Amino acid sequence: MNELTVNEQMELTGGAVGTWIVCVVMGAAVYKILFSKGGRVSIPRLISIEWR
């Protein structure tokens, strides 16, 4: 039985760098929504959220 490399393990568990970037961006958006009085979060052609 061959051991998996770190890259192969990350591919199996979904730990790619792109996944981490998406998680950080989504976390920043949630933080902004929770701790500001008004604003807008927008990803063109996908989602746009405004609050006051």
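Why does isoleucine 43 count as partly exposed? In this predicted model, the reason is that isoleucine 43 has a relative accessibility of 38%, and partly exposed residues are those between the limits of 20% for buried and 50% for exposed. Isoleucine 43 belongs to strand S1, which covers residues 39-43.

Isoleucine 43 also takes part in a nonpolar patch on the surface, together with Ile33, Leu46, Ile47 and Ile49. The accessible area of these residues together is about 430 Å².

Rolling a probe the size of a water molecule over the atoms shows where empty space is left. The largest pocket holds about 160 Å³ of space. Its lining includes Ile33, Ile43, Ile47 and Ile49, each of which is also a member of the surface patch. Val25, Met26, Ala29, Val30, Val41 and Ser42 line the pocket as well. Helix H2 (17-35), strand S1 and strand S2 (47-51) each contribute at least two residues to this lining, and H2 gives the most, with 5 residues.

Side chains of opposite charge can pair when their charged atoms come close. The count of salt bridges in the model is 1, and this contact joins the side chains of arginine 40 and glutamate 50 at 3.9 Å, N to O. Because arginine 40 lies in strand S1 and glutamate 50 in strand S2, the pair ties together parts that are 10 residues apart in sequence. Glutamate 50 is exposed, as its relative accessible area is 55%.

Terms used: Residues are numbered from 1 along each chain as its sequence is written. This is a predicted model: local features need pLDDT of at least 70, side-chain atom pairs count only at pLDDT 80 or more; totals for chains, interfaces and linings use all residues. Side-chain values use heavy atoms; hydrogens and water are left out. Patches are made of residues with over 30% relative accessible area and no salt bridge: like charges are joined within 9 Å, nonpolar side chains (Val, Leu, Ile, Met, Phe, Trp, Tyr) within 5 Å. Accessible areas come from the Shrake-Rupley method with a 1.4 Å probe; for residues, only the protein chains shown count as cover. A salt bridge is a side-chain nitrogen of Lys or Arg within 4 Å of a carboxyl oxygen of Asp or Glu. Helices (H or I, at least four residues) and strands (E, at least two) are DSSP runs, numbered from the N terminus. Buried means under 20% relative accessible area, exposed over 50%, partly exposed in between (1.4 Å probe, protein chains only). On a 1 Å grid over the protein atoms alone, a cavity is a set of points where a 1.4 Å probe fits but cannot get out, and a pocket is an open set with protein on both sides within 12 Å along at least five of seven lines; lining residues have an atom within 4 Å of a point. Grid points are joined across faces, edges and corners, and a volume is the space filled by probe spheres set on the points.
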